[in-house]
Amino acid sequence: MYCDALTLSALTDELRHKLIGGRVQRVLMVDPLTVGLELYAHPQRHYLILSAQPEQGGRAHLVSYKLRRGVRSASPLLLRLRKHARGAHLITIEQPPAERILQLTLERHDGTVVLIAELMGRRSNIILIEEDTTILECVKHVTAHQNRYRVLLPGHPYVPPPPQQKLEVAALTAGRLNKALQQQGDELLWQRLVGAVRGVSPLLAREVV
């Protein structure tokens, strides 16, 4: 299922309700681009998937079954997660406004880290950063040659994706929406809706129309 920003907002609320305060008991790589977390909260085991698989558009969700390791050797990201996330408590889950980004703040006695899932299609990534925003590791490395604006490598500062210059859903009025749709040209209505409003995916726009 395609996860747009509005869907992720609903998911964020669900994860907050079920996982906040939980302890990370186990961390594993389900496949080379998918992280699995086993958390104990309220008091129950929960299994959270964070995936940067481009074919699936990136995804984050709970599953009902015990997660299994799908890779034999430990990746650099998994080694970092074992060091900084295993045994940590999940203290916040945040979503930047109208972005397909999930931020999990994990706290241990020796420090705090943030696990970021960027669920943005082929550009999806999973990034572990320190409290000062220094990148510890990523599931996909992005060099300056690939993207001058956003270098995603260990030791570099984390720079979030640039915000889209579109209308916010919470600030919509009939007049603002009508004006924005007219500025999109002669495309189909659902295409103009995608181009005008932040967080609206093609799937959602078609359903709205």
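Are Arg 198 and Glu 99 buried or exposed? Select the two residues together to find out: both Arg 198 and Glu 99 are buried, and, in what is a predicted model, they form a salt bridge whose closest N and O atoms are 2.9 Å apart. Arg 198 sits in the loop between helix 4 (189-196) and helix 5 (202-208), while Glu 99 sits in the loop between strand 5 and strand 6, so this pair ties together parts that are 99 residues apart in sequence.

**Staying with Arg 198**

Because Glu 168 belongs to the loop between strand 9 and helix 3 and Arg 198 to the loop between helix 4 and helix 5, the pair ties together parts that are 30 residues apart in sequence. Arg 198 has a relative accessible area of 9% and is buried, whereas Glu 168, at 30%, is partly exposed.

Next, select Glu 118 and Arg 150, which form a salt bridge with their closest N and O atoms 2.6 Å apart. Glu 118 lies in strand 7 and Arg 150 in the loop between strand 9 and helix 3 (174-182), so parts that are 32 residues apart in sequence are tied together by this pair. Both of these residues, Glu 118 and Arg 150, are buried. A search of the whole structure finds eight salt bridges.

**Helix 1**

At the N-terminal end, Asp 4 caps the helix, with a side-chain oxygen 3.1 Å from the backbone nitrogen of Leu 6, and just after the helix Gly 21 takes a positive phi of about 90°.

**Glu 94**

From there, select Glu 94, which has its place in strand 5 and is partly exposed, with a relative accessible area of 37%. Its side chain makes a polar contact of 3.3 Å with the side chain of Arg 16. Glu 94 and Asp 13 are 81 residues apart in sequence, yet 9.2 Å apart in space from C-alpha to C-alpha.

**Helix 2**

Select residues 76-84 to show helix 2, in which Leu 77, Leu 78, Leu 81 and His 84 are buried. These residues cover an arc of only 145° around the axis, which puts them on the same side of helix 2, and on the other side Pro 76 and Lys 83 are exposed. The buried residues pack against several strands, including strand 1 (23-31), strand 7 (111-118) and strand 8 (125-130).

**Two loops to finish**

Most residues other than glycine have a negative phi. Select His 42, in the loop between strand 2 and strand 3, where phi is positive at about 70° although the residue is not a glycine; His 42 is exposed, with a relative accessible area of 54%. Lastly, select Thr 133, in the loop between strand 8 and strand 9, whose phi is also positive, near 75°, and which is partly exposed at 34%.

Note on methods: Residues numbered from 1 in each chain as written. Predicted model: local features only at pLDDT ≥ 70, side-chain atom pairs only at ≥ 80, totals over all residues. Heavy atoms only, no water. Polar contact = N/O pair within 3.5 Å; in protein donor to acceptor, adjacent residues only side chain to side chain. Helix = DSSP H or I, 4+ residues; strand = E, 2+ residues; numbered from the N terminus. Buried < 20%, exposed > 50% of the residue type's maximum accessible area, 1.4 Å probe, protein only. Arc of directions from axis to C-beta. Contact = heavy atoms within 4.5 Å. Salt bridge = Lys/Arg side-chain N within 4 Å of Asp/Glu carboxyl O.
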